[in-house]
Amino acid sequence: MSDQNLADWRKLAVKLETEINKVIVGQESPVRLITTSIFARGHVLLEGDVGVGKTTLLKAFTRAIGGGYQRIEGTIDLMPNDLIYHTYLGEDGKPHVSPGPILMSGSDLSIFFFNEINRARPQVHSLLLRIMAEKTLSAFNKEHYFPHMVVFADRNQVEREETFEIPSAARDRFMMEIPILIPKADEMMKDLVFETKFHNADKLIEEVKPDLIKFNKLNELSETIQENVKATEALKNYALRLWKATKNPGDYGIKLSDIDMNRLIVSGASPRGMSMMMKAARVNAWLNDRTSVTPADIHAVFHETIAHRLVFNPVYEMRRTVIARDLTNGILNAINAP
């Protein structure tokens, strides 16, 4: 793929963001991060309250990139097989089997959304994680392939009863955890409440130009971006220092109020996590029309690629969201960029 082709793809990526931002109010930062994850081919955890538009956002992206969109709701009684097939009684009174959400779009599945994943049991998580890693599934005496699938999942972070939190090793399989927050600007909040076009999500999504980007070309494009966007030796050393600081932040003079830094971190970022951080940083550089990664590109994705991988002492776990944000900011402020 030539430099000109990369430039043409970049124009389409910018157009993609413009199309999504037309229908999703006040979410420019999450839109950029999701765009980054799609071009980096990384799975995503979404963080946000109920009703902030996560489903609408993902449907809008699917319309713009093409391919199939499927969704499943996490429940306490959900079983692994519910991802694969449904059984029902037909009009003939006999049992029938139909494809479940993973199989429904076949190999054209581009976005799969697991809503409230922590309501499902660990056995369900295990199957999903295997499909995410291998992009294949054996069912009905046949091997099914999902070469273009990106998984998005969110967690119910309010209700704790009958939930099964994703363990740290499972969270590490997701490239990013992206917060989706209610816009703070009064005018945007008024629009969401009183502007009737935002009350019909399906009609709203139709405003997005369909098939703007070919989903089945993204794997090749992602590889090309990673090969063509370079990192200098100074940048690599900077990333290495950031990695070390996630393991022992106290050694770098990082302090958080009311936190014992010697007890905070159980485990820092993994090698996979740092690799995914750099993949995302290269895409961010490309989206900003750069051929080399800068510290700004790392800063743009650092919290979202690293925070959910940090394992805290259980005494601090309930305050994870605030502590993780403060810690990643503290690391970026403490480590001098080249």
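Predicted model: local features only at pLDDT ≥ 70, side-chain atom pairs only at ≥ 80, totals over all residues.
Trainee: What is the value of phi for K135?

Mentor: Let us take the general idea before the case. Most residues other than glycine have a negative phi. K135 has a phi near 60°, a positive value in a residue other than glycine.

Trainee: Which loop holds N141, and what is its phi?

Mentor: N141 lies in the loop between β6 and β7 (142–145). Its phi is near 60°, also positive in a residue other than glycine. N141 counts as exposed because its relative accessible area is 87%.

Trainee: Is N284 buried or exposed?

Mentor: N284 is buried, because its relative accessible area is 6%, and buried means under 20%. This asparagine is found in helix α12. Leaving aside its neighbours within four places in sequence, N284 is in contact with R32, T36, R290, D297 and A300.

Trainee: Which residues are in contact with I20, leaving aside its neighbours within four places in sequence?

Mentor: The contacts of I20, with those neighbours left aside, are V31, L57, A60, F61, A64 and V208.

Trainee: How many cavities of 30 Å³ or more does a search of the whole structure find?

Mentor: The general idea is that rolling a probe the size of a water molecule over the atoms shows where empty space is left. Here, the search of the whole structure finds 1 cavity of 30 Å³ or more. The largest cavity has a volume of about 30 Å³.

Trainee: Which residues line the largest cavity?

Mentor: Its lining is made up of I117, H125, L128, L129, I166, A170 and F174. Helix α5 (residues 122–134) gives the most to the lining, with 3 residues.

Trainee: How much space lies in the largest pocket, and which residues lie nearest its centre?

Mentor: About 500 Å³ of space lies in the largest pocket. Its lining has 26 residues, of which E47, G48, D49, K54 and I180 lie nearest the centre. The elements that give two or more residues to this lining are α3 (54–65), β5 (109–115) and α15 (320–334). Of these, α15 gives the most, with 3 residues. The lining of the largest pocket divides into 9 nonpolar, 9 polar and 8 charged residues.

Trainee: How do strands β3 and β4 run, and how many bridges join them?

Mentor: Strand β3 (residues 85–89) and strand β4 (residues 95–99) run antiparallel and are joined by 5 bridges. The bridge partner of H86 in β4 is S98. The hairpin of β3 and β4 has 5 residues between the strands, and in this hairpin G93 takes a positive phi near 80°.

Notes. Residues numbered from 1 in each chain as written. Heavy atoms only, no water. 1 Å grid on protein atoms, 1.4 Å probe; cavity = no way out; pocket = protein on both sides within 12 Å on 5 of 7 lines; lining within 4 Å. Points joined across faces, edges and corners; volume = space filled by probe spheres on them. Helix = DSSP H or I, 4+ residues; strand = E, 2+ residues; numbered from the N terminus. Nonpolar A, V, L, I, M, F, W, Y, C, P; charged D, E, K, R; others polar. Contact = heavy atoms within 4.5 Å. Pairing = 2+ DSSP bridges. Buried < 20%, exposed > 50% of the residue type's maximum accessible area, 1.4 Å probe, protein only.
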